[in-house]
Structures are given as C-alpha cells and as structure tokens.
Amino acid sequence: MYAMKCSLGQHFSHGSLTPLSSVSLNPAASVLNYAQGVFEGLKAQRSDEGRILLFRPEENARRMKMGAERMCMPCPSVEQFVNAVKHTVIANRRWVPPPGKGSLYIRPLLIASGVALGLRPPPEFTFLTYASPVNSYHKSPLDLKVENKLFRAITGHGGTGGIKSIANYAPVFRAINEAKIQGFSDVLFLDAATANYIEEVSSSNVFVVKGNVISTPVADGSILPGITRKSIIELATDLGYQVMERDVEVEETLQADEVFCTGTAMGVKSVASVTYNNRRVEYKTGADSVCQKLYDTLVGIQTGLVETTKNWIVQVD
Ligand SMILES: Cc1ncc(COP(=O)(O)O)c(C=O)c1O
C-alpha cells in the first residue's frame, strides 16, 4: 500500500510504499466517530500485449478532491493521486490478472486520522491506496428491486449524495440485504423527496433506453457522478444515440426497452428486470442490445483492444 499524511491547513507532500498493514487509530479519530472520509475505486487492466492500463485515473483524483472539500479535508493533488495509484499498481503488478480474467481493483482512501472529540476537523489526515485482484462483479444481467422506503444518501443540493463519502455506503446494506433475501441482485434507489424518480443503484449509475434515446438521472448532488457514466454518455453520443441527462420517473423506467447500469465494478451491465411494488418488468438483454454495444466499446478501450483518440488510458509501466 502507499501512504501519505498531512496536517490540517497543510498540503500533502510525499508518501511511501509499505507492505499492506493495519492502520493504527486513536478511538477518538474523526473518521471513526464522524465518518470524515472519502474513497475512490478504479481498476488496472492487463492488455493482450501485457501492458497495464488505468482508465481516466485523474477523474478519480478530481472526484476525491470535490469530496474532500465538502468534508473539510486536505487532499492530494491530481498528480500526487495518480502517482500513488501507479506506485501501488507497479508494486502489486503480479496480482494484475491476465486479459479476460479480471482486473486489479485499486482503492484510494482519504481519512481524518487525527483526534478531535469536539465536532471539528482534526489535526491529521491520511491518504492510502491499496489493491486487490477482482473478478467481474455479477456474471449475468441484473434483477433490480426498486426501494421506496429506504434512501441511499443525504441527497439534493448541499447534500453528500454527489461525493464518494464513506458515510454513503453502510446505509445501503439494509436495503441490499432485504433485496438479496428476496432473490434480487441489487437495489434501485429513488429520490428521497418524492420517491417518484430513479436515482442510482447502490454502487452504479443507471440508464434507461427507449428507441434511440438513452436517458440517465442528472448528477446534481444526489447521485455520484460516475466516471463510467460520463464515459458512456460520450461514447453513446459518438455512436449516434440521443443521450439525455434528466429526471426519470419510475413509471417511465418500467416502460423502457432496456435498462443498464454503469460503474467501475460492473462496467456496463444489462438489467434483466426491475420490480416495483411487486410489479416485475423484463427488458431486452443480450448480443444485439444497446448495452452490449456500449460494453464492447468501453471495455475495448479500457483493455487496449479498441483504438481511441480520447485521452482516457494511462499506461502504468
Ligand atoms: C453510489 C455509486 N454510484 C455510481 C458509481 C459508479 O461510479 P464510477 O463509474 O466512477 O465507478 C459508484 C462507484 O464508484 C458508486 O459508489
């Protein structure tokens, strides 16, 4: 793992690689008591020629910076962040799976490691990156349950739904646990104000396809502005689809031709069904779906198979 420390009011300056080890924290550390922390997630893929590739890591760096500002934490610069990720990948290069067999998932983490019993930012912050090989997330298309009683994050303008705050994730466990017991793969969350519009899945963004139009909820503070989401909006537009970022009602979702999810963990993943108040609707999936076309394009770029003029790939070694 790679680690850097920084004092409140200072800038991160230098970090170092160490063997993966436990982190020692005082019980009064702000991250433990007040969830003052943000994280990121990105993947390193091995190309057919054995190169190790990162996908838009500077976007993760920028998103961490946005989150850090909201949570009153100093943050590594984009360059420091990308360097830390590269160092971590190089040190763990033997764990990057062969092409088609998975990827190395890198988890950058920024925590308030200092002590502050009172409600204020503490004197010390720690940035860490560690990594683990992963297989693809779900093998088959998703069966989603629309959750209309539990909500994902503090949403809306001024909330924290739009940042990757550590506080946004444990609140989804209950809804996911209940959905899994009922045989669903994941949960589709709604807006907390009206429970009428779809927002996102627990760790991915959602898109709805009707004819040539692809719609996705606006990233206006309630949902995480996914890097896969942003890339798919661009790729789908390049492929000639009309892409709209707008409010999408649950009812409209139930009338769609296709629904798919995007995220670092799952890439671009077809949704086989959505169930809302015991009403189950099935969608087109498979070889000639829009989702498959976008998946092939995105994953082709990420693994170096598809040539692109977009400046999205960073080679690590
Ligand atoms: C809540 C949430 N939404 C969406 C995403 C997808 O974002 P990205 O495409 O950057 O992985 C993630 C994963 O980071 C997430 O945690």
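Before I give the charge count, let me say that Lys and Arg count as positive and Asp and Glu as negative, while His and the chain ends are not counted. On that basis the protein you see above, which is a predicted model, has 32 positive and 30 negative side chains, and the centres of those two sets lie 6 Å apart.

Let me stay with the whole protein for a moment. There are seven helices and 17 strands. The radius of gyration is 20 Å, close to the 20 Å that the globule rule gives for 317 residues, so the protein is as compact as a globular protein of that length. Along the principal axes, the C-alpha trace spans about 50 × 50 × 35 Å. If we take the contacts between residues at least 6 apart in sequence, 70% of them join residues at least 24 apart.

With 14 residues, H3 reaches 20 Å from its first C-alpha to its last, close to the 20 Å expected at 1.5 Å a residue. Which residues of H3 are buried? They are Gln-80, Phe-81, Val-82, Ala-84, Val-85, Thr-88 and Val-89. As background for reading such a list, an α-helix has 3.6 residues a turn, so residues three or four places apart point the same way.

Helix H7, residues 290-302, has 13 residues and reaches 18 Å between its first and last C-alpha, again close to what is expected at 1.5 Å a residue, namely 18 Å. The buried residues here are Val-290, Cys-291, Leu-294, Thr-297, Leu-298, Val-299, Gly-300, Ile-301 and Gln-302. Setting aside residues up to four places away in sequence, Gln-302 touches Gln-45, Leu-53, Phe-55 and Ile-313.

After H7 comes Gly-304, whose phi is positive, near 80 degrees. Further on, in the loop between H7 and strand S17, we find Thr-308, which at 31% relative accessibility counts as partly exposed. Thr-308 and Glu-200 are 108 residues apart in sequence, and their C-alpha atoms are 28 Å apart in space.

Positive phi values also turn up in residues other than glycine, and I would point to two examples. Ala-35, in the loop between helix H1 and strand S3, has a phi near 55 degrees, and with a relative accessible area of 22% it is partly exposed. Asn-277, in the loop between strands S15 and S16, has a phi near 50 degrees.

My last stop is strand S3, where Val-38 is placed. Is Val-38 buried or exposed? At 1% relative accessibility, Val-38 counts as buried. Leaving aside neighbours within four places in sequence, Val-38 is in contact with Met-64, Gly-67, Ala-68, Met-71 and Met-73, with Pro-108, Leu-109 and Leu-110, and with Lys-164, Ser-165 and Ile-166. Thr-18, by contrast, is 20 residues from Val-38 along the chain, and the C-alpha atoms of these two are separated by 21 Å.

Key. Residues numbered from 1 in each chain as written. Heavy atoms only, no water. Helix = DSSP H or I, 4+ residues; strand = E, 2+ residues; numbered from the N terminus. Expected span 1.5 Å × (residues − 1). Buried < 20%, exposed > 50% of the residue type's maximum accessible area, 1.4 Å probe, protein only. Rg over C-alpha atoms; globule rule 2.2 N^0.38 Å. Contact = heavy atoms within 4.5 Å. Charge placed at Lys NZ, Arg CZ, Asp CG, Glu CD.
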